[in-house]
There are 2 protein chains.
Amino acid sequence: MCEADAYLLKDGQEQLLMESVDVVEPEEDGTWRLVGIFGDQKTVRGKIKRMNLVNHRVVFESQTE
Amino acid sequence: MCEADAYLLKDGQEQLLMESVDVVEPEEDGTWRLVGIFGDQKTVRGKIKRMNLVNHRVVFESQTE
């Protein structure tokens, strides 16, 4: 399975937000909706900094505004 | 390997942009840089519409502005 782990980069540290993410989708309010392989969901406020699919990593960055 | 295929949704049609994408990264000019597993690169102008990692799909949407 090719799900990824989502991290939030905050103050130079990557914090694990959610494991086994399948779907990443923008919401109208500017957040991102993450859906895990078991249907669990989480909302992230921030922007995508980098995705490494082969390494199963999606890194979000907190927005300072 | 968990690379994905990148598509561009344009006029309701999904066109294959690039196969075997590893890295997806925003550029300062608002485009996205895609890097394939063999190091090949492509730049996409648009926004991410949806990613399905389990299905190996990243869909971009043309921006109308």
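Analyst: Happy to! A pocket is taken here as an open set of points on a 1 Å grid over the protein atoms alone, where a 1.4 Å probe fits and protein lies on both sides within 12 Å along at least five of seven lines; lining residues have an atom within 4 Å of a point. Points are joined across faces, edges and corners, and the volume is the space filled by probe spheres set on them. The model is a predicted one, so local features need pLDDT of at least 70 and side-chain atom pairs pLDDT 80 or more, while totals for chains, interfaces and linings use all residues. Residues are numbered from 1 along each chain as written, chains are lettered from A and ligands numbered from 1 in written order, and side-chain values use heavy atoms, without hydrogens or water.

The largest pocket holds about 370 Å³ of space. It is lined by 18 residues, and Pro26(A), Trp32(A), Trp32(B), Lys47(B) and Ile48(B) come closest to its centre. Two elements supply two or more lining residues each: β5 (47–52) of chain A and β5 (47–52) of chain B. Strands are DSSP runs of E with at least two residues, numbered from the N terminus. The largest share of the lining, 3 residues, belongs to β5(B). Sorted by class, the lining has 6 nonpolar, 6 polar and 6 charged residues; charged covers Asp, Glu, Lys and Arg, nonpolar covers Ala, Val, Leu, Ile, Met, Phe, Trp, Tyr, Cys and Pro, and the others, Gly among them, are polar.

Next, how the two chains are related.

Now for the charged pairs. A salt bridge means a side-chain nitrogen of Lys or Arg within 4 Å of a carboxyl oxygen of Asp or Glu, and over all chains there are 10 of them. In one, Arg33(A) and Glu25(A) come together at 2.5 Å, N to O. Arg33(A) is partly exposed at 21% relative accessible area, whereas Glu25(A) is buried at 16%; buried means under 20%, exposed over 50%, and partly exposed in between, with a 1.4 Å probe and protein chains only.

Another bridge in chain A joins Arg57(A) to Glu14(A) at 2.2 Å, N to O. This pair links distant parts of the chain, 43 residues apart: Arg57(A) sits in strand β6 (residues 57–61) and Glu14(A) in strand β2 (residues 13–26) of chain A. Arg57(A) is partly exposed at 25%, and Glu14(A) is partly exposed at 42%.

In chain B, Arg57(B) and Glu14(B) form a salt bridge of 2.2 Å, N to O. Since Arg57(B) belongs to β6 (residues 57–61) of chain B and Glu14(B) to β2 (residues 13–26) of chain B, the pair ties together parts 43 residues apart in sequence. Arg57(B) is partly exposed at 25%, and Glu14(B) is partly exposed at 42%. Through shared partners, salt bridges also join Glu25(A), Glu27(A), Arg33(A) and Arg50(B) into one network.

Val44(A) lies in strand β4 (residues 41–44) of chain A and is buried, at 3% relative accessible area. Beyond neighbours within four places in sequence, Val44(A) is in contact (heavy atoms within 4.5 Å) with Leu8(A), Leu17(A), Thr31(A), Trp32(A), Leu34(A) and Phe60(A).

Finally, two backbone details. Most residues other than glycine have a negative phi. Ser20(A) is not a glycine, yet its phi is positive, about 55°, and it lies in strand β2 of chain A. His56(B), also not a glycine, has a positive phi of about 60°. His56(B) lies in the loop between β5 and β6 of chain B and is partly exposed at 27%.

Definitions and conventions: Helix = DSSP H or I, 4+ residues; strand = E, 2+ residues; numbered from the N terminus.
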